[in-house]
Amino acid sequence: MAKSHITMTVNGKTIEALVEPRTLLIHFLRDQQNITGPHIGCETSHCGACTVDLDGKSVKSCTMFAVQANGADIRTIEGMANADGTLHALQEGFREMHGLQCGFCTPGMITRAYRLLQENPKPSEAEIRQGISGNLCRCTGYLTIVRAVRAAAEQMSSAREAAE
Amino acid sequence: MTTETQSAQERTQKLEGLGTRRKRVEDVRFTQGKGNYVDDFKLPGMLFGDFVRSPYGHARITSINKAAALALPGVKAVLTAEDLKPLKLHWMPTLAGDVQAVLADEKVLFQGQEVAFVVAEDRYVAADAVDLIEVEFEDLPALVDPSQSMAAAAPVLRDDLQGKTSGAHGPRKHHNHIFTWEVGDAEGTARAISGAQVVATEHIVYQRVHPCPLETCGCVASMDKVNGHLTMWGTFQAPHAVRTVASLISGIPEHKIRIVSPDIGGGFGNKVGVYPGYICSIVASIVLGVPVKWVEDRMENLQATAFARDYHMSGEIAATQEGRITALRCHVLADHGAFDACADPTKYPAGFFSICTGSYDIPVAHVTVEGVYTNKAPGGVAYRCSFRVTEASYFIERMIDVLARKLGMDPAEIRRRNLIRKEQFPYQSALGWEYDSGDYLAALDKALNTVGYAALRDEQRRSREAFARGETRKLMGIGVSFFTEIVGAGPIKNCDILGLGMFDSCEIRVHPTGSVIARLGTISQGQGHATTFAQILASELGIPAEKITVEEGDTDTAPYGLGTYGSRSTPVAGAATAMAGRKIRAKAQMIAAHLLEVHDDDLEWDIDRFRVKGVPELSKTMAELAFAAYNNVPPGMEPGLEAVSYYDPPNMTYPFGAYVCVVDVDVDSGVTEIRRFYALDDCGTRINPMIIEGQVHGGLTEALAIAMGQEMAYDEAGNLTNASLLDFFLPTAVETPSWEIAGRASSAQSCSPVQLAMETAMRLQPGASTRSRL
């Protein structure tokens, strides 16, 4: 099958590659780029394990072709840590609040929560629950995930206030 | 020494031992996307396997044409039963003593059954090849309803068992009969029921559901043809058992097989069994000489790898007019699907279903379980509970509610009257179990008081009156349930799988600098063993948990163990860990006596060191003793500080709990709100309360799914009509309530009380039903 040339930015790095037009973004990232943080849980865009942040939106990379991401700016869990190497408030919050067990949903969950907090820096519990409803977790029962997102929101907001 | 100046409390805190809400060591990698799950593996030359599966529930295969697939560039092999036959690998043993087709042998028996295995350069080419394989089927009548399995005219499902009048669990009385398992006093129970003042009966269907971990099942098999070693990474909840089974099936000697369970994305019972994908990957790797990866997709996971429940239970419960239970009888029709691949201890084909007298003092009981074949996927695993315990727990609690309604008694009051009293422990149940300990009444009362039960019942009465007057369209339900689980399988005297005793193990090495590696035969799938087992050792050894690495899941390094499922790892492997730790400490004590020039009886243990009794300033810390173990041990003692322990538990263990659920239902829209859910669990010693709470939250959420309609829905032709996450219900954060939990929670949980509490809460027309279906 003829391959298409694509370029994109992934976690701040420019990537150039040849892909079959039918290659899904998640397979491109995982199999060709060794970015294995985003996972495959359903391949039908229901579970959210494959969530990446693409041009400022949460995207389920199992239902998007890699060629559709040509020119895009993508961030995955691997690019979530702060520039100085410390972990992002969400990564800290999930560990602090026991917001994960098997860890399989976690990369997608954190990536989704990251965009949620960009859009709504002080979400209510109901807004957090609604905001992560496209991401399934089979282990935690969500309560600790909600707490983790809230803790991160508070931490980020006090960091912002301190900076102002 | 600076440590001498630290208080006992400071030294204890530094250990992060038992009872500490220690943050999980696993999370450092998981929160950065650095977990290592099976689909993350990429080996040089690795190929991908994919299955052609049956679209039919029951059909004869008339031909398979693989020419077009083999002609496709990038396709390396296509395997069918014909190819496996010369190797005698077209069938494999199951954990339940039956056999299962690796690739369909002339017939398919359930939708999604493996028919051919394609191996190709990448997953896309493999999928293309699957589409190019032409299989012709001749449709046969599908048997979907287990109540019709043993009808005289029922179709023969298992041609391979024709004429076999006995199976792994005794005589077979019909071509679709697997076993009949019976326990208890049939005559005494019949007598008590026929002479009873009150008898309540109920037919209860516990529907087929699926554990559906977020990561599906998969493996990478790699045969090194030079040295004859097979290495396999995969989603295995029981890696050593997989090694033994792989050796028995393949003929490769067990010492040349290495099974590794890397990070596992949830199991819940789904990853206990040995699946055709594993066998086909091994064969393909042997044939082609390169690593072969197979990872199922979600539809395959739901269609073909292990389900749970599917118990059809008929119960009779007898009592006095005052509500004192006098007898219990249960008949179960168990739908095991097309092959009996239940993952139960071998002597227990219905698991520990005989825990079904629950938490109540019932003088006599009798249970029969009949396993039958249908045209559905094999399985029957312990999904978020011990073996068939959720089924048992749901059964008894439902029966108690039915009895309460018949007697016009409050469901909490009837439970209170029948709960086993704390002075009755150790308690011998009518069906043969010895319950170790408990204070059930205190637990029930605490739960009822916490939620304000009496006030809730008042509110419910007023709300029903208002409803009757037409003032509201909302009704309020209250569910109360109590459970006793039976976990920690188990004592070798009665628990084995295929002859392998269900002990577990731990091997510890203390390094000269006082850090430790502990290896276990279990494997975490999210339970956080690397965190909690280190805490056990921290308390046993007086070495901080942060200096203890816990390694599991590699059969080349870990001592033999039976794996993680059925709520067994902490009671069995956790105990093995403590026992091995005590061996280390005993040796350290002798070294300390040698160094301090005293008799070892003159020493006492103090958090992280041995002290000379009466001379507290004379002491040796474990860190000092670790180093001494490598250079200055007593004469005649071997150097080093290592121990291994294989723990065969003397009994099962019996955690319990009381749950209360309050729901509001809009009778017109059906919208149901869970106003409150309170769960009280008692598991004994808590190792890490944070992790325990997380485990309980998760169990409750899966129970919510089942109570709210999760079901594998088969149509009459044997099609699984909801084999995707679009149709198969998994709760999101929106449907899931905020759980309130309390008490000494357990890592073992039974999800049935949740369903029961919800279901009874929502059952709003008293006396309306003699048939329960979630």
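My entries follow, from the overall confidence down to single residues.

**Ground rules.** I am reading a predicted model, where local features need pLDDT of at least 70, side-chain atom pairs count only at pLDDT 80 or more, and totals for chains, interfaces and linings use all residues. Residues are numbered from 1 along each chain as its sequence is written, while chains are lettered from A and ligands numbered from 1 in the order in which they are written.

**Confidence.** I looked up the scores for the complex and found an ipTM of 0.98 and a pTM of 0.96 from the predictor. For chain B the mean pLDDT is 94, with 95% of its residues at 70 or more; pLDDT is the predictor's confidence in each residue, from 0 to 100. I then noted residues 744–750 of chain B, where pLDDT is below 50 and the model has 39 contacts beyond near neighbours in sequence. A contact here means two residues whose C-beta atoms, placed from the backbone, lie within 7 Å. Residues 764–771 of chain B also stay under 50, and there I found 9 contacts beyond four places in sequence.

**Chain A.** I counted 5 helices and 5 strands in chain A. Both are DSSP runs numbered from the N terminus, helices being H or I with at least four residues and strands E with at least two. Along the sequence the pattern reads β-β-α-β-β-β-α-α-α-α. The C-alpha trace spans about 50 × 35 × 25 Å along its principal axes. With 164 residues, a compact globule would have a radius of gyration near 15 Å, and the 16 Å of chain A agrees. That radius is taken over C-alpha atoms, and the globule rule is 2.2 Å times the number of residues to the power 0.38.

I also found a hairpin in chain A, formed by S3(A) and S4(A) with 2 residues between them. Strand S3 (residues 51–54) and strand S4 (residues 57–60) of chain A pair antiparallel over 4 bridges; strands count as paired if DSSP finds at least two bridges between them. Thr51(A) sits opposite Lys60(A) in S4(A). In the turn, Asp55(A) has a positive phi of about 50°.

**Domains of chain B.** Chain B is divided into domain 1 (2–33 + 504–647), domain 2 (38–140 + 216–264 + 271–304) and domain 3 (308–389 + 400–488 + 652–773). These bounds come from an automatic or database domain assignment. I noted 41 Å between the C-alpha centres of domains 1 and 2 of chain B, and 13 residues of domain 1 in contact with 13 residues of domain 2.

**A sheet in chain B.** I traced an open sheet of 4 strands, ordered S22-S32-S33-S34 (chain B), with mixed pairing. Strands S22 (474–484) and S34 (740–742) of chain B are at the edges with a single partner strand each, so one side of each has no neighbour in the sheet. The twist averages 10° from one strand to the next. S22(B) runs antiparallel to strand S32 (residues 656–666) of chain B, joined by 11 bridges. Leu475(B) has Val665(B) in S32(B) as its bridge partner. Helix H13 (residues 440–451) of chain B packs on this sheet, at about 30° to the direction of S32(B). For such angles, axes are lines fitted to C-alpha atoms, for helices over the stretch in contact, and angles run from 0 to 180 degrees between N-to-C directions.

Most residues other than glycine have a negative phi, and most peptide bonds are trans. I found a cis peptide bond between Phe425(B) and Pro426(B), with omega about -5°. Pro426(B) is in the loop between helix H12 (411–418) and strand S20 (427–428) of chain B. Another cis bond joins Ala489(B) and Gly490(B), with omega about -25°. Lys88(B) has a positive phi near 55°.
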